[in-house]
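Open the model in your viewer and keep the sequence panel beside it. The tour below says what to select at each stop and what is there.

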Amino acid sequence: MNGNFKINATDFVAGFDPARISGTGTQITGKPSKIIVHLNYEPVSSDTAEFFVALVDSARNLVALGSQRLSSSTTGFKRFEVPFAYSSCNRPDTFVMIATSSQFSNGAGSGSPGSVLWVDGLGISYTPAVNVPPTAVTDFGNTVKNTAVTIDVKANDFDCEGSA
């Protein structure tokens, strides 16, 4: 990354949607488990800083999201490990990072002027290996009175790693 990031705040009016931020992000490989970042925050009043990282696939679909909020001063740089919550089995190929020194949830931009957030030492970790939890699907079976039925409860479940 070159240290410069430009974005139009109107991209976030409906909330954080990386698919709406075309032409941004840094390429990655594999399925990262977390991002490691050093943040230094000096809020004004009761302001809150927000740090978001989205992993998207080649079609710009959201694959995973990580976030960290800071509501008090860090008194210098502090290391944060921000885990990714995967919502898709797709392989991400790009990460998009948004850091705001004032609260920005849902595009409201309701922070205090003067708050400052510094971001440094950004790294991506691939350990431990990511295992997206399986998705269980409701099972049904029919039988007549006093007759046992056998149901394969895993037959219609879905697991990204194929172990369901």
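Start by selecting Ala64 and Tyr86: the bridge partner of Ala64 in strand 6 is Tyr86. Strands are DSSP runs of E with at least two residues, and helices are runs of H or I with at least four residues; both are numbered from the N terminus. Residues are numbered from 1 along each chain as its sequence is written. This is a predicted model, in which local features need pLDDT of at least 70, side-chain atom pairs count only at pLDDT 80 or more, and totals for chains, interfaces and linings use all residues; side-chain values use heavy atoms, with hydrogens and water left out.

**The whole chain**

Now select the protein chain. Its secondary structure comes to zero helices and eight strands. Of its 164 residues, 33% count as buried. Buried means under 20% relative accessible area, exposed means over 50%, and partly exposed is in between (1.4 Å probe, protein chains only).

Contacts can be shown next; a contact means heavy atoms within 4.5 Å. Among contacts between residues at least 6 apart in sequence, 72% join residues at least 24 apart.

Two strands pair if DSSP finds at least two bridges between them.

Go through the sheet pair by pair:

- Strand 3 (residues 49-56) and strand 7 (residues 94-100) run antiparallel and are joined by seven bridges. Select Ala54 here; its bridge partner in strand 7 is Val96.
- Strand 3 and strand 4 (residues 62-70) are antiparallel too, with eight bridges joining them. Phe51 stands opposite Gln68 in strand 4.
- Strand 4 and strand 6 run antiparallel and are joined by two bridges.

**The hairpin loop**

Select Arg60, in the loop between strand 3 and strand 4. The hairpin of these two strands has five residues between the strands. Arg60 has a positive phi of about 70° although it is not a glycine. Is Arg60 buried or exposed? Arg60 counts as buried, because its relative accessibility is 18%.

**The core**

Next, select Phe51 and Tyr86 together. Of the 21 residues in the largest nonpolar core, these two touch the most other members. Strand 2, strand 3, strand 4, strand 5 (78-83) and strand 7 each supply at least two residues of this core. A nonpolar core is a set of buried Ala, Val, Leu, Ile, Met, Phe, Trp, Tyr and Cys residues joined through side-chain atoms within 4.5 Å.

Stay on Tyr86 and show its contacts. Leaving out residues up to four places away in sequence, Tyr86 touches a set of residues including Leu55, Val63, Pro92 and Val130.

Move to Ile35 in strand 2 (residues 34-42). Ile35 counts as buried, because its relative accessibility is 0%. Beyond residues up to four places away in sequence, its contacts include Phe51, Val53, Phe80 and Leu122.

**Salt bridges**

How many salt bridges does a search of the whole structure find? The search finds three. A salt bridge is a side-chain nitrogen of Lys or Arg within 4 Å of a carboxyl oxygen of Asp or Glu.

Select Lys34 and Glu81, which form a salt bridge with the closest N and O atoms 2.8 Å apart. Lys34 lies in strand 2 and Glu81 in strand 5, so the pair ties together parts that are 47 residues apart in sequence. Salt bridges that share partners join Lys34, Arg79 and Glu81 into one network.

Then select Glu50 and Arg69, whose closest N and O atoms in their salt bridge are 3.1 Å apart. Glu50 lies in strand 3 and Arg69 in strand 4, 19 residues apart.

Finish with Asn146, in the segment after strand 8. Asn146 has a positive phi of about 65° although it is not a glycine. Asn146 is exposed, with a relative accessible area of 77%.
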